[in-house]
Amino acid sequence: MKIDINKISIVYNPDIEGAFKLACEISKKLENSSVVSVHEISGLECVKNSNLLISVGGDGTLLRCANYCAPLDIKIFGFNLGRLGFLAQAKPDDIDDVIKKIRNGDFKIEERLMLKAKAGSNNLIALNDIVIKGASFSRTSILNLYINDKLISNYLADGLIISTPTGSTAYTLSAGGPVVCPNLNAFVIVPICPHTLSARPLVIPTNEKIKITMSDCVKFHITADGQSAMDAKDEVVIEKYEKSAKLLLLQKNSDEFYDVLREKLHWGQKPEK
């Protein structure tokens, strides 16, 4: 696949050691073939005219970039200097190979589902997940889950996670949710520490409307990808966002998602002696 890469922005996380140095190194190697600019993560508004954004940091850095770039249809590629690196695909030693493959079109663009949460006039979008909790973090809350305006369940829990397939290997996984292949059109609903033996994760189609209310709280707190946040008093409605995150992935093999599960989470591997 070939794309126009005449204008590339590199965004780095200054809180991660080595990110600025790596961003400058990438910029230097690209400057002969593209117009390149380098920005801190706080300067995302400067990338709005870019064809491609290269994120330098960890998955959190890429998530923040994705939430800004999705409405603008800007493609994203990530270098990982963080811990897991599910989304930020490349390592610092891969610079030359990455640049060669981007120039040669040896990659694919994978469109990832996103979520939109609406509470009153306020909105949030997320690539990984929307998390709803009571405003009082020290106690459980009664959360009422509706799907297509039909009451499905009343949870006595610390909160609820609404996740995309991309986010199924993040907070959702830690809360006992299933691992979902990223090309599936589905959302996952997972209660956080439910005070019951019967609550189980729920997988639903992406054309369903999710609504959550609370029975015992004056207001509740909503976060998107663990970064952006807002409060709500009455209800929050969560649906599929009309745009998608466009991730540039290097061509390796068709089973790469499962390889990452084994490499990053040691999935399906027997204990060592």
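Residues are numbered from 1 along each chain as its sequence is written, and side-chain values use heavy atoms, with hydrogens and water left out. Because the model is predicted, local features need pLDDT of at least 70 and side-chain atom pairs count only at pLDDT 80 or more, whereas totals for chains, interfaces and linings use all residues.

## Sheets

Helices (H or I, at least four residues) and strands (E, at least two) are DSSP runs, numbered from the N terminus. Two strands pair if DSSP finds at least two bridges between them.

Strand E12 (residues 186–192) pairs with E13 in the antiparallel sense over 4 bridges, and Val 188 stands opposite Val 203 in E13. E12 is also joined to E11 by 5 bridges, the two strands running antiparallel; the bridge partner of Ile 161 in E12 is Val 190. Strand E8 (residues 129–134) pairs with E11 over 5 bridges, again in the antiparallel sense, and Ile 130 has Ile 162 in E11 as its bridge partner.

Strand E11 (residues 159–163) is mostly covered, with 5 of its 5 residues buried. Buried means under 20% relative accessible area, exposed over 50%, and partly exposed in between (1.4 Å probe, protein chains only). In a regular strand the side chains alternate between the two faces of the sheet. In E11, Gly 159, Ile 161 and Ser 163 point one way and Leu 160 and Ile 162 the other way, and all are buried.

Another open sheet of 6 strands has the order E7-E6-E17-E14-E9-E10, also with antiparallel pairing. E7 and strand E10 (150–157) are its edge strands, each pairing on one side only. The twist in this sheet averages 20 degrees from one strand to the next.

Strands E6 (residues 115–119) and E7 (residues 122–126) pair in the antiparallel sense over 5 bridges, with Leu 124 in E7 as the bridge partner of Ala 117. The hairpin of E6 and E7 has 2 residues between the strands, and Gly 120 takes a positive phi near 65 degrees there. E6 also pairs with strand E17 (residues 235–240), in the antiparallel sense over 4 bridges; Lys 116 stands opposite Glu 239 in E17.

## Salt bridges

The structure holds 11 salt bridges, a salt bridge being a side-chain nitrogen of Lys or Arg within 4 Å of a carboxyl oxygen of Asp or Glu. The table lists some of the pairs.

| Pair | Closest N and O atoms |
|---|---|
| Lys 246 and Asp 73 | 3.1 Å |
| Asp 97 and Lys 101 | 3.7 Å |
| Glu 110 and Lys 108 | 3.6 Å |

The salt bridge of Lys 246 with Asp 73 links distant parts of the chain: Lys 246 lies in strand E18 (residues 245–250) and Asp 73 in the loop between helix H2 (59–69) and strand E4 (75–80), 173 residues apart. Lys 246 is buried, with a relative accessible area of 15%, and Asp 73 is partly exposed at 33%.

Asp 97 and Lys 101 are separated by about one helical turn, because they are 4 residues apart in helix H3 (residues 95–104). Asp 97 is partly exposed, with a relative accessible area of 37%, and Lys 101 is buried at 16%.

Glu 110 counts as buried at 19% relative accessibility, and Lys 108 as partly exposed at 29%. Elsewhere, a network of salt bridges links Asp 149, Lys 209, Lys 211 and Glu 235.

## Largest pocket

On a 1 Å grid over the protein atoms alone, a pocket is an open set of points where a 1.4 Å probe fits, with protein on both sides within 12 Å along at least five of seven lines; lining residues have an atom within 4 Å of a point. The largest pocket has a volume of about 980 Å³, the volume being the space filled by probe spheres set on the grid points, which are joined across faces, edges and corners.

Of the 42 residues that line the largest pocket, Asp 59, Gly 85, Phe 86, Leu 87 and Ala 88 are the closest to its centre. H2, strand E5 (107–112) and helix H5 (256–265) each supply at least two residues of the lining, and H5 gives the most, with 7 residues. The lining divides into 16 nonpolar, 13 polar and 13 charged residues. Ala, Val, Leu, Ile, Met, Phe, Trp, Tyr, Cys and Pro count as nonpolar, Asp, Glu, Lys and Arg as charged, and the others, Gly among them, as polar.

Technical notes: Axes are lines fitted to C-alpha atoms, for helices over the stretch in contact, and angles run from 0 to 180 degrees between N-to-C directions.
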